[in-house]
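Please read them with the sequence and the coordinates open beside you.

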Amino acid sequence: MTDFWIFMTATNLIIPIIMLIFGKKFKHNPPKNINYIYGYRTTMSMKNSETWQFAHRYIGNLYLKIGIILLPLTVLSMFFVLNKSNNFIGLVSIMIVITHLLLLIIPIFFTEKELKNNFNEDGSQK
């Protein structure tokens with residue numbers, strides 16, 4: 001096992017771990033007050049307390065599920081490159097991180113869609 005492989009494996013686990021932490025936090029204990037510093041902050045999610053809580057629970061649930069799937073897949077993927085060249089490990093790691101970043105961003109679109117399906121433009125529930 002090389003130091004570079006260990007470093008890249010640890011680095012690749014950062015996003016899934018963050019998704020698990022924030023997923024659990026947002027799903028079970030979202031920020032109580034609408035604010036401009038911390039939380040899922042979009043125009044629709046910040047309409048009122050109801051949209052704020054809904055958005056956090058929804059994206060928290062998505063992040064939790066995605067993080068649970070990504071964590072073992074990431075470790076498994078890195079075991080496939082164990083004892084390979086540093087260049088190959090680096091290339092696979094870049095592909096993993098790009099995939100993680102996409103899976104970090106895509107839930108935003110689903111959350112916004114669900115907000116629009118459940119709330120009117122003024123933030124009142126449909």
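1. Which backbone oxygen does the side chain of His56 reach? The side chain of His56 reaches the backbone oxygen of Trp52, at 2.7 Å, a polar contact being a pair of N or O atoms within 3.5 Å of which, within protein, one must be able to donate a hydrogen and the other to accept it, with residues adjacent in sequence counted only if both atoms are side-chain atoms.

2. A word on the source: this is a predicted model, in which local features need pLDDT of at least 70 and side-chain atom pairs count only at pLDDT 80 or more, while totals for chains, interfaces and linings use all residues. Residues are numbered from 1 along each chain as its sequence is written, and side-chain values use heavy atoms, with hydrogens and water left out.

3. His56 is placed in helix H3, residues 49-80, helices being DSSP runs of H or I of at least four residues, numbered from the N terminus. His56 has a relative accessible area of 0% and is therefore buried (under 20% is buried, over 50% exposed and in between partly exposed, with a 1.4 Å probe and protein chains only). Apart from neighbours within four places in sequence, His56 is in contact (heavy atoms within 4.5 Å) with Phe26, Lys27, Pro30, Pro31, Gly39 and Tyr40.

4. The length of H3 agrees with expectation, because its 32 residues should span 46 Å at 1.5 Å a residue and its end C-alpha atoms are 46 Å apart; the expected span is 1.5 Å times one less than the number of residues. At the start of H3, a side-chain oxygen of Asn48 comes to within 2.9 Å of the backbone nitrogen of Glu50. Val75, also found in H3, is partly exposed at 29% relative accessibility, and its C-alpha atom is separated by 7.8 Å from that of Leu13, 62 residues apart along the chain.

5. Turning to the rings, the whole structure holds 6 aromatic pairs, where rings of Phe, Tyr and Trp (its six-membered ring) pair if their centres lie within 6.5 Å, and planes under 30 degrees apart count as stacked, over 60 as edge-to-face and the rest as tilted. Phe22 and Tyr38 form a tilted pair, because their ring centres are 6.4 Å apart and their planes stand at 50°. This pair links distant parts of the chain, with Phe22 in helix H2 (residues 14-28) and Tyr38 in the loop between H2 and H3. Phe22, Phe26 and Tyr38 are linked into a cluster by ring pairs.

6. Phe54 and Tyr58 have ring centres 6.1 Å apart and planes at 15°, so this pair is stacked. Being 4 residues apart in H3, they are separated by about one helical turn. Phe54 is buried at 18% relative accessibility, whereas Tyr58, at 25%, is partly exposed.

7. The axes of H2 and helix H4 (residues 86-118) come within 9 Å and cross at roughly 20°, the axes being lines fitted to C-alpha atoms over the stretch in contact, with angles running from 0 to 180 degrees between N-to-C directions. H2 and H4 are therefore roughly parallel (under 35 degrees; over 145 is roughly antiparallel, 65 to 115 roughly perpendicular and the rest oblique). Ile15, Pro16 and Met19 of H2 make the contact with His100, Leu101, Leu103 and Leu104 of H4.

8. Ser45, in the loop between H2 and H3, is buried at 0% relative accessibility. A polar atom of the Ser45 side chain lies 2.8 Å from the backbone oxygen of Tyr40.

Key: Helix = DSSP H or I, 4+ residues; strand = E, 2+ residues; numbered from the N terminus.
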